[in-house]
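Colleague: Hi! Could you walk me through this one while I have it open?
Modeller: Happy to, here it comes.

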Amino acid sequence: MSGRWTVRVGALLCAAGVSISCSQQAPIVLPPGAQTAPVTAAPATSEPLPPSNFDGTGPGSLISAEPIEDIAADITELGATATRVVYRSTSGVTGEPTEVSGTVVIPGGTAPEGGWPVVSYGHGTTGVLEACGPSRYANLLGSAPIVAALVLNGFAVAMTDYQGLGLGGSHHPYLDSKTFGYNMIDAVRAARNFVPTLSSRWAAYGVSLGGMAAWAASDRNAEYGGGLELVGTAAMVPVSDMSGLADAAANQTLTRAQYPLLMYALHTLAISHPEMNLDDYRSGLARERWNDFMECVPPKSDEVPGLLAGLQAADLTPVSVEATDRLRGYLTDMALPQQRSSTPLLVMYGSEDDLILEPWTEKALQRACASGDLVEYELHQGEGHGDLDSSRSVPWVKGMFAGQRPVNTCELNR
């Protein structure tokens, strides 16, 4: 089974049958000609799966599991099976128990000794509404190719929708790293409750918003990941410390790519913080068509690109210095890192990223290095958020499972 495939990060998700309005979405897609499995490949004969465990009540315990019969051919061609699960997790905002949906993909064939190792995959931004959960869609809202590639490399994949996406009952706390970290870790627990013979060894892997989720899983692992063995985390162009959005909005220096990200953050912050007046941060077209900007699937989302083109910087300018300070504080509270990571971390980012600016990522990396984290990081000159070549990332993850020692860039640059 070859692990040689190239990962490219696209700036706009154009998934078959589903148009996502979020221009900041950065899914990993395989380039033309990349190998996953031949179309004519015969599915491997799979072992019968053991009974699932629905008995628990704690984080990661299963509430329901339903096969995704129409899952994308990228996955079925490998003989893998996909299941939509609902599991218990924890809110990073309130600390209260929550219910979260997601997808578990199990490779076909015979598992290695000790069970299939698990990758918890963090997907990029798909929106902030209940309808924006990837597990509801056959193509996983564009994530099916990378999930298939991970399966091809010998991993079971647990992919959380994140709290509030795909399932009602709670809102989606966009950019809240703590919630995302809990959801990522509990997705692995849920996968192991669904297939109890899966390995307890796992890695976190994600891109853009999913890069934040993966990094957050590493950040939360020491205090929340008991019973599991995290071997390493790969975060591609990760959202990390977005506190700079507040000053960029105030100074009217937001990039076009940052408009939707800021609006999503404001929308969910106003739910998490009822004292916050959303109209302190929006005016003009932003206020008039706010609900339309939040749409993530057709037909209403078809209007969003045109609406975004009509936005002006003044439409997202805070009304006062106090409002700017308040927003900066909220974003800082959610930023990474918050704790010391106990396992290796790979971070790749681009010098031309117009969504997550290079200095913002480096600010987070400096704090991680100062806390003693083992971080292998790479700045890709001339590459941006949508075209970062992260082909080395999956081999790096496989190396962590094999016990290889990563480069400690923090130590090298001291």
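Modeller: One term before we start: contact, or touching, means heavy atoms within 4.5 Å. This is a predicted model, where local features need pLDDT of at least 70 and side-chain atom pairs count only at pLDDT 80 or more, while totals for chains, interfaces and linings use all residues. Residues are numbered from 1 along each chain as its sequence is written, and side-chain values use heavy atoms, with hydrogens and water left out.

Colleague: Great. What does V347 touch?
Modeller: Leaving aside residues up to four places away in sequence, V347 touches W215, A235, P238, T361, L365, V375, E376, Y377 and E378.

Colleague: And which residues have the most contacts inside the largest nonpolar core?
Modeller: V347 is one of them, along with L175, W202, W215 and L316, in a core of 93 residues. A nonpolar core here is a set of buried Ala, Val, Leu, Ile, Met, Phe, Trp, Tyr and Cys residues joined through side-chain atoms within 4.5 Å. Buried means under 20% relative accessible area, with a 1.4 Å probe and protein chains only. A second, separate core has 37 residues, including I75, L78, V207 and V237.

Colleague: How much of the protein chain is buried?
Modeller: Buried residues are 60% of the 414.

Colleague: Switching topic: how many helices and strands are there?
Modeller: The protein chain has 13 helices and 13 strands. Both are DSSP runs numbered from the N terminus, helices being H or I of at least four residues and strands E of at least two.

Colleague: Which way do β5 and β6 run, parallel or antiparallel?
Modeller: Antiparallel, with five bridges joining β5 to β6 (residues 81–90). P67 sits opposite T83 in β6.

Colleague: Last one: why is α2 described as largely enclosed?
Modeller: Eight of the nine residues in α2 (residues 144–152) are buried, so the rest of the structure largely encloses this helix. Among the buried ones are I146, V147 and L150. Just after α2, G154 has a positive phi of about 95°.

Terms used. Buried < 20%, exposed > 50% of the residue type's maximum accessible area, 1.4 Å probe, protein only. Pairing = 2+ DSSP bridges.
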